[in-house]
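Dear colleague,

Please find below the structure that I am handing over to you. My findings follow it, and I would be grateful if you read them with the coordinates open.

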Amino acid sequence: MNEQSSGATTAHGGSAAGGPLDPIAEKVSACMQCGTCTGSCANAFAMDYTPRQLWRLVQLGEQDEIFRSTTFWMCSSCYYCTLRCPRGLPLTETIQALKRIAFARGTYRSKTSPVFYSTFVDNIRRYGRVREMDMMTRFFLRLKHPVAPLRFASLGVKLLLKGKISPQMPALFAKGKLDGLFRKVRELESES
Ligand code: SF4
Ligand code: SF4
């Protein structure tokens, strides 16, 4: 049973004891639906709900619709909406919080975006930066989708020929460069 079906829900779809959407809805409660965030977002064309619509859904506590949405997965954390919001709302931070909740709950429609994000973060942990070839190879392996690499093949070749990515060998058994940092963050998060 989810919080909405339990009957004890707040306006934001959280439980009376405080649901995961409550702090998020609090942060965007002053949204006046002006649409500046949507107009500023370079990725809005790829989202099913625009950022402005997403904030309205959050205000209304439409949990199912929010977590079915592709919007927050498409956000590249450029901070442009945050910079331009006339209400000064922390939009990027808030969209990241939605991503974390969806990831923790496993509530997402397509597994591609979560797999991409976790492969990206794992690559940062291993090397301290992204190694594109290595990351995409691991991404395709984890996706277990035989056709997916073909879709990116021509782009990969173009980037290689332009020297934008380098074909470095993966460090299969090496210790991650940022293992210590990631461990510390996990410790801090479990204390908070
Ligand atoms: S720019 Fe700010 S106030 Fe305007 S719709 Fe977006 S979140 Fe709401
Ligand atoms: S931070 Fe995300 S939602 Fe905001 S403008 Fe950038 S890509 Fe769009």
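Which residues of α9 are buried? In this predicted model, they are Asp134, Met135, Met136 and Phe139. The cover over these buried residues includes α8 (112-127) and α10 (148-161). Helix α9 itself spans residues 132-143, 12 residues in total. From its first C-alpha to its last it reaches 16 Å, close to the 16 Å expected at 1.5 Å a residue. Just after α9, Lys144 adopts a positive phi of about 50°.

As to the overall fold, the protein chain contains 11 helices and 0 strands. The chain has 192 residues, of which 22% are buried. Among its contacts with a separation of 6 or more, 53% join residues 24 or more positions apart.

The largest nonpolar core comprises 23 residues, and those touching the most other members are Ile24, Val28, Leu54, Val58 and Leu98. At least two residues of this core come from each of α1 (22-27), α3, α5 (71-74) and α7. Setting aside its neighbours within four places in sequence, Leu98 is in contact with Ile24, Ile66 and Phe72. In soluble globular proteins, nonpolar side chains tend to be buried together.

I turn now to the two ligands.

Ligand 1 is surrounded by 14 residues, the closest being Cys31, Cys34, Thr36, Cys37 and Cys85. Two or more residues of this shell are given by each of α2 (36-40) and α3 (51-60). By class, the shell around ligand 1 holds 9 nonpolar, 3 polar and 2 charged residues.

Yours sincerely

Note on methods. Residues are numbered from 1 along each chain as its sequence is written. Chains are lettered from A and ligands numbered from 1 in the order in which they are written. This is a predicted model: local features need pLDDT of at least 70, side-chain atom pairs count only at pLDDT 80 or more; totals for chains, interfaces and linings use all residues. A residue is near a molecule or strand if its C-beta atom, placed from the backbone, lies within 6 Å of it. Helices (H or I, at least four residues) and strands (E, at least two) are DSSP runs, numbered from the N terminus. Ala, Val, Leu, Ile, Met, Phe, Trp, Tyr, Cys and Pro count as nonpolar, Asp, Glu, Lys and Arg as charged, and the others, Gly among them, as polar. A residue is buried if 20 or more other C-beta atoms lie within 10 Å of its own, exposed if 12 or fewer, and partly exposed in between; C-beta atoms are placed from the backbone. Two residues are in contact if their C-beta atoms, placed from the backbone, lie within 7 Å. The expected span of a helix is 1.5 Å times one less than its number of residues. A nonpolar core is a set of buried Ala, Val, Leu, Ile, Met, Phe, Trp, Tyr and Cys residues joined through C-beta atoms within 7 Å.
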